[in-house]
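Welcome! Here are some notes to read alongside the model, in numbered points. Please keep the structure open as you go.

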Amino acid sequence: MLFSSIIIGIVSYLYYFKNLLSSKVVTNLNFDLLSRQLYALPEDDVNQKVSTNDFFKSSFNNISFLHGIASGDPTLDSIIFWTRITPNDQVDPNQLIPIHFKLSSDENFTDILQDVQTFTNSLIDYTIKLDITGLNPNQTYYYKFYNDLISSDIGQTKTLPYPDQEDDVKLAVYSCANYAGGFYHAYKFPVLKNSVDYVIHLGDYIYEFANGVYTNGTKLGRDHIPEHECETLEDYRLRYALYRSDKDLQNSHAKFPWILVWDDHEVADNSWLRGSVATSGYDFLKRRDEATQAYFEWLPIRPQKNLSKIWRNFKFGKVFQINMLDTRHYSRDITDYYHNQEFIKNLVEYEDRTMLGYDQEEWLNRRLLDNDTTWNLIASQCVVRDIDFSLPETGGLGFPFEEFNQDAWDGYIANRNRLLNFIKQNELKNNVILSGDFHIAITSELSLPHEIYNVETGEGTIIVEFTTSAVSSPTTFPKHFNESQSLIMSKELVENNDLIWNDGYWRGYMELNINMNNVTTDYYGVDIKDVNFNNELHLAHFVVPKDQSFIDRESMYVNSGAMNQKII
Ligand SMILES: [Fe+2]
């Protein structure tokens with residue numbers, strides 16, 4: 001017995017050593033994250049527990065891939081790859097578990113481009129994040145994680161287009177996915193249609209709320225885990241694990257490279273630089289840091305030097321660049337706590353009030369000015385346009401001070417005016433805002449206060465904004481509204497504010513087709529309460545032609561919600 005164990009031990013060690021020789025060991029960025037991390041563990045502890053010696057001794061193979069695979073933050077020559085393993089046997093929490101990664105130019109893995117290995121353990125919640133470099137621009141790649149016993153599903157991804165490329169690029173754009181709120185059909189359809197190249201997520205990828213608070217998933221079999229509100233690193237990790245158990249979400253991650261930013265619910269409701277709507281008195285900054293750690297562990301985002309700075313820019317050939325803003329945690333001034341709205345109302349026009357912080361604002365201005373592509377997309381978590389929700393005929397949304405959505409750019413008017421003025425003064429064209437967070441779909445045009453804007457013609461428009469609905473978070477309209485009641489409210493909202501279009505009934509997403517001549521936006525709607533829902537609705541269609549800062553009135557059409565009657 002002893003003899004055979006020794007033989008098995010020697011053979012496995014030799015086999016393992018052979019594998020080590022044949023495939024390069026690469027850094028799991030989440031360990032790197034930990035060693036730079038301020039909060040989770042003392043640095044000495046990490047270094048001691050994550051040593052290469054341990055790795056050479058490790059051969060634990062009995063694992064499952066329960067949370068899918070993902071890729072993201074593509075560049076011209078690199079992509080972030082992600083997975084998480086679940087050990088099937090009892091394992092020492094400090095034991096390093098090896099995992100291999102293979103990249104191929106074909107789905108059958110006949111042309112292997114890279115075959116590397118890395119390791120993970122409980123210190124980083126068994127997550128794996130690799131920055132694979134040396135890739136070619138505009139190339140589709142296939143990948144999988146594996147060991148001697150098991151392989152993950154095969155994923156597909158692609159790098160960014162060549163700098164001089166002029167081909168169309170298609171995006172799916174998402175915001176606000178509440179797992180307990182309903183099924184993730186919005187993630188499903190672009191996979192089924194194979195209709196986009198990349199996914200943009202504007203935040204609220206998870207919700208931190210306790211089970212039954214805000215949404216109740218019991219009837220749908222989608223209760224929040226943990227049951228209580230997330231506050232600690234462990235809570236957020238469990239919440240990500242729940243969300244990532246969803247097959248529609250897993251399939252979208254496996255099919256497309258994602259580019260994400262966070263909004264408030266990746267940390268806490270209506271959060272800003274130094275606080276949020278507090279529910280239990282847990283220290284906000286500690287909570288934010290732990291939530292941030294789980295965010296970087298679980299999502300395919302490239303870790304930045306400063307983990308709180310996730311605003312960044314991606315260029316898609318000559319067609320467009322997208323500026324992913326952080327309007328939430330980087331530098332935002334105090335926001336709506338629900339009980340302080342009288343106080344915030346007096347602040348909204350303060351000149352030095354900021355959504356972005358001055359370095360991010362300066363960075364965005366430079367990106368707008370120095371753009372060498374055709375289009376400049378600005379991705380903002382929150383709605384930028386001013387919208388008055390005090391709707392006297394339909395009763396409004398039921399919030400105090402509805403003339404300002406204090407948690408959106410409406411609560412930071414000077415910052416919005418600085419942005420609009422900058423675009424106008426520099427005569428910048430071909431800019432489009434993508435936003436979300438408000439759980440209703442809106443198409444609008446922005447102009448400066450007290451300046452001429454004509455919704456019939458688009459005259460006076462400085463920039464167009466497409467606001468996506470929620471993946472599965474409830475509408476901001478009264479929850480009991482049926483579709484026709486919702487339509488009446490949409491009409492009042494659109495007419496009172498000179499919006500182009502609004503739909504407050506359907507959950508869904510936007511698809512953008514961007515080329516050298518147009519930005520075309522199609523809104524899609526889904527029924528999140530029906531698990532078998534299989535026929536998405538095409539809600540609306542808009543085109544912004546090049547060198548025209550407003551929406552083309554001729555080509556727009558809507559199948560749901562309210563279009564501005566002055567245009568028709
Ligand atoms: Fe949300």
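1. W501 sits in strand β20, which covers residues 501–503; helices (H or I, at least four residues) and strands (E, at least two) are DSSP runs numbered from the N terminus. W501 is buried, having 26 other C-beta atoms within 10 Å. Setting aside neighbours within four places in sequence, W501 is in contact with T443, V494, A540, V558, G561, A562, M563 and N564. Contact here means that the C-beta atoms of two residues, placed from the backbone, lie within 7 Å. As for R244, 257 residues away along the chain, its C-alpha atom is 33 Å from that of W501.

2. A word on what you are looking at. This is a predicted model, in which local features need pLDDT of at least 70, side-chain atom pairs count only at pLDDT 80 or more, and totals for chains, interfaces and linings use all residues. Residues are numbered from 1 along each chain as its sequence is written.

3. Two of the contacts of W501, A540 and V558, also face each other: A540 stands opposite V558 in β24. Strands β23 and β24 (residues 557–558) run antiparallel and are joined by two bridges; two strands pair if DSSP finds at least two bridges between them. β23 (residues 537–545) is also joined to β22 (residues 518–526), again antiparallel, by eight bridges. In that pairing, G525 stands opposite L537.

4. Now the whole protein. It has twelve helices and 25 strands. Its radius of gyration is 24 Å, close to the 24 Å that the globule rule gives for 568 residues, so the protein is as compact as a globular protein of that length. That radius is taken over C-alpha atoms, and the rule is 2.2 Å times the number of residues to the power 0.38. The C-alpha atoms fill a box of roughly 85 × 50 × 45 Å along the principal axes. Of the 568 residues, 46% count as buried. Among contacts with a separation of 6 or more, 73% are between residues 24 or more positions apart.

5. How is the protein divided? There is domain 1 (11–158) and domain 2 (169–563), with bounds from an automatic or database domain assignment. Their centres, taken over C-alpha atoms, are 32 Å apart. Across the boundary, 29 residues of domain 1 are in contact with 25 residues of domain 2. On the side of domain 1 that touches domain 2, the elements giving two or more residues are α2 (29–36), β3 (69–72), β4 (79–84), β8 and β10. By class, this side has 14 nonpolar, ten polar and five charged residues. Ala, Val, Leu, Ile, Met, Phe, Trp, Tyr, Cys and Pro count as nonpolar, Asp, Glu, Lys and Arg as charged, and the others, Gly among them, as polar.

6. Five strands form an open sheet of mixed pairing, in the order β1-β7-β6-β9-β10. β1 (24–25) and β10 (155–158) are at the edges with a single partner strand each, so one side of each has no neighbour in the sheet. β1 runs parallel to β7 (residues 112–120), and two bridges join them. K24 has V116 in β7 as its bridge partner.

7. The largest nonpolar core has 136 residues, of which V173, Y174, I200, A379, V432, L434 and V471 touch the most other members. It draws at least three residues from each of domain 1 and domain 2. Such a core is a set of buried Ala, Val, Leu, Ile, Met, Phe, Trp, Tyr and Cys residues joined through C-beta atoms within 7 Å.

8. Finally, some backbone details to check. Most residues other than glycine have a negative phi, and most peptide bonds are trans. D125, in the loop between β7 and β8 (127–132), has a positive phi of about 55 degrees. D204, in the loop between β12 and α6, has a positive phi near 60 degrees and is buried, with 25 C-beta neighbours inside 10 Å. A cis peptide bond joins I225 and P226, with omega about -5 degrees.

Notes
Buried ≥ 20, exposed ≤ 12 C-beta atoms within 10 Å, placed from the backbone.
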